[in-house]
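User: I'm new to this one. Can you walk me through it?

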Amino acid sequence: YEAWECFCNYQFIKNKIRKIEAGCMNLNKPMIRLCEKYMMRLEGTKIAHFRVGGKDSDMLMYGKFGP
C-alpha cells in the first residue's frame, strides 16, 4: 500500500495528473483492498470480462481524482 500511495501522490502532485484509475478482477481481493484503502471509488463493473479456470470473472474499475 505504501508504494501505491507514494506513486499516486507523486503523480497527483509532481506530474499534475488529474485522475488515477485501476482495474482488477473481482477475485483479486488484495487489489480491491488496496483501492478501497486509498479511497478510490468503484466506478464500474464489466460483467464476465475475464475467464478464469473455466468460470467468468467480473472486472472492477476504480478511480480517484487528485486534490
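User: What should I know before we start?
Analyst: This is a predicted model, where local features need pLDDT of at least 70, side-chain atom pairs count only at pLDDT 80 or more, and totals for chains, interfaces and linings use all residues. Residues are numbered from 1 along each chain as its sequence is written, and side-chain values use heavy atoms, with hydrogens and water left out.

User: OK, helix H1. How many residues has it?
Analyst: H1 has 12 residues, 2-13. From first C-alpha to last it reaches 16 Å, close to the 16 Å expected at 1.5 Å a residue. The expected span is 1.5 Å times one less than the number of residues. Helices (H or I, at least four residues) and strands (E, at least two) are DSSP runs, numbered from the N terminus.

User: Which residues of H1 are buried?
Analyst: Trp-4, Cys-8, Gln-11 and Phe-12. Buried means under 20% relative accessible area, exposed over 50%, and partly exposed in between, with a 1.4 Å probe and protein chains only.

User: Where do those sit on the helix?
Analyst: Down the axis of H1, the buried residues fall within an arc of 100°, so they line one face. The arc is taken from the directions from the helix axis to the C-beta atoms. On the other side, Glu-2, Ala-3, Cys-6 and Ile-13 are exposed.

User: What do the buried ones pack against?
Analyst: Strand S1 (19-25), helix H2 (29-37) and strand S3 (55-65). Contact here means heavy atoms within 4.5 Å.

User: And the largest nonpolar core, how many residues?
Analyst: It has 13. Those with the most contacts inside it are Trp-4, Ile-20, Tyr-38, Met-40 and Tyr-62. H1, S1, H2 and S3 each supply at least two residues of this core. A nonpolar core is a set of buried Ala, Val, Leu, Ile, Met, Phe, Trp, Tyr and Cys residues joined through side-chain atoms within 4.5 Å.

User: What does Met-40 touch?
Analyst: Leaving out residues up to four places away in sequence, its contacts include Trp-4, Ile-20, Cys-35 and Tyr-62.

User: Switching topic. How many salt bridges?
Analyst: Three. The rule is a side-chain nitrogen of Lys or Arg within 4 Å of a carboxyl oxygen of Asp or Glu.

User: Which residues form the network?
Analyst: Lys-19, Glu-21 and Glu-43 are linked by salt bridges. Lys-19 and Glu-21 have their closest N and O atoms 3.4 Å apart. Lys-19 meets Glu-43 at 3.1 Å, N to O.

User: Is Glu-21 buried or exposed?
Analyst: Exposed, at 57% relative accessible area. Lys-19 is partly exposed at 26%, and Glu-43 is partly exposed at 39%.

User: What about Arg-51?
Analyst: Arg-51 forms a salt bridge with Asp-56, closest N to O 2.6 Å. Arg-51 is exposed, at 58%.
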